[in-house]
Amino acid sequence: MKTGIKGIRRISAVALTAGAVLTAGVFAAPAQAATLPTPTVAAKGGFVMNNGTGKTLYTKAADTRRSTGSTTKIMTARVVLAQPNLNLDSKVTVQKAYSDYIVDNDWASSARLIVGDKVTVRQLLYGLMLPSGCDAAYALADKFGSGSTREARVKSFIGKMNSTAKSLGLTNTHFDSFDGIGHGANYSTPRDLTKLASSAMKYSTFRSVVKTKSTKQKVTTKSGGYRYMEWTNTNGLLGSYSGTIGVKTGSGPEAKYCLVFAATRNGKTVIGTVLASTSVANRTADAKKLMDYAFKK
């Protein structure tokens, strides 16, 4: 049977149409497969967002109030860095009260500050955020609170923490301590802590401190000499998760194991929080799972 030119064109058109359908099918399949399974984490609460756009990428009991442990110290640093005319190189003399506080509180982690030493505000921020020094937190609260007594200054500083939380719109956050060793009214949520960390990360000093794995700082001794203080960051993501830029660990009998985390890959920064995880290893694993998920979203 003869096939005319019109017939050839018709057959070609059918073949092309069929080819287009097949091709579309090949490319359509990955789009269907791109639905990411939501990760399962050990933590009771979690939240992750795109730090650039503020878009929510993951939630798990994100607005449930929980004890925050030492992730509280993000706010301690945030209040200090917001002080007008802040001089990071001004020196603070370490008081006996700071070391006594460590002794009196079983869960207090220490920067091992030595009474009589003179340390700069910048060094106290490293001592606060890397080894999670409650003594460094106390020193900063004493330095930047207002009042004629240490008790008044600490109370004033905690007041600044709460007023800052209010100004940032953290409606499910309240502090009753400068370091996370609370007295029944120290709480936040994964969403609020993530927003707080995002705000703190706008300060270049904060970013520099929280991405530091370890540091050696020269401080002045009581006799006028000097000594070196060495601090290592408690954040296990640094060096174990590519792109990690912070932020802060926390733990406690009520808080369990907490971690506020952030990482940047290919120009995208994700930031988030897990609260009340079951161990140090699990809070780190939780954070890695959530960041893997967030980077694919």
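The paragraphs below lead from the whole chain to one of its sheets, then to a residue inside that sheet, and finally to a cavity.

The model is a predicted one, in which local features need pLDDT of at least 70 and side-chain atom pairs count only at pLDDT 80 or more, while totals for chains, interfaces and linings use all residues. Residues are numbered from 1 along each chain as its sequence is written, and side-chain values use heavy atoms, with hydrogens and water left out.

Taken as a whole, the protein has nine helices and nine strands, where helices (H or I, at least four residues) and strands (E, at least two) are DSSP runs numbered from the N terminus. Of its 297 residues, 49% count as buried, a word that stands for under 20% relative accessible area, with exposed meaning over 50% and partly exposed lying in between (1.4 Å probe, protein chains only). The accessible surface comes to about 14400 Å², and 53% of this surface belongs to carbon and sulfur atoms; such areas come from the Shrake-Rupley method with a 1.4 Å probe, and for residues only the protein chains shown count as cover. Among the contacts (heavy atoms within 4.5 Å) with a separation of 6 or more, 63% are between residues 24 or more positions apart.

Turn now to an open sheet of five strands, which has the order β2-β1-β9-β8-β7 with antiparallel pairing; two strands are said to pair if DSSP finds at least two bridges between them. The strands β2 (56-60) and β7 (244-252) stand at the edges with a single partner strand each, so one side of each is left without a neighbour in the sheet. Neighbouring strands of this sheet are turned by 5° against each other on average, direction ignored. Strand β1 (residues 45-50) is joined to β2 by four bridges and to β9 by six, and in both cases the strands run antiparallel.

Helix α7 (residues 190-200) lies across β1, β2, β7, β8 (256-265) and β9 (268-277), running at about 140° to β9, where axes are lines fitted to C-alpha atoms, for helices over the stretch in contact, and angles run from 0 to 180 degrees between N-to-C directions.

Within β9, 10 of the 10 residues are buried, so this strand is largely enclosed by the rest of the structure. T273 lies in β9 and has 0% relative accessibility, and therefore counts as buried. Leaving aside neighbours within four places in sequence, T273 is in contact with residues including G45, F47, P190, L193 and L259. The C-alpha atoms of T273 and G45 are separated by 8.0 Å, although these residues are 228 residues apart along the chain.

Elsewhere, the structure holds one cavity of 30 Å³ or more. The lining of the largest cavity consists of A77, L81, L125, M129, T205, F206 and V209, and the elements that give two or more residues to this lining are α2 (73-81), α4 (121-129) and α8 (204-210). Of these, α8 gives the most, with three residues. A cavity is a set of points, on a 1 Å grid over the protein atoms alone, where a 1.4 Å probe fits but cannot get out, and lining residues have an atom within 4 Å of a point; grid points are joined across faces, edges and corners, and a volume is the space filled by probe spheres set on the points.

Methods:
1 Å grid on protein atoms, 1.4 Å probe; cavity = no way out; pocket = protein on both sides within 12 Å on 5 of 7 lines; lining within 4 Å.
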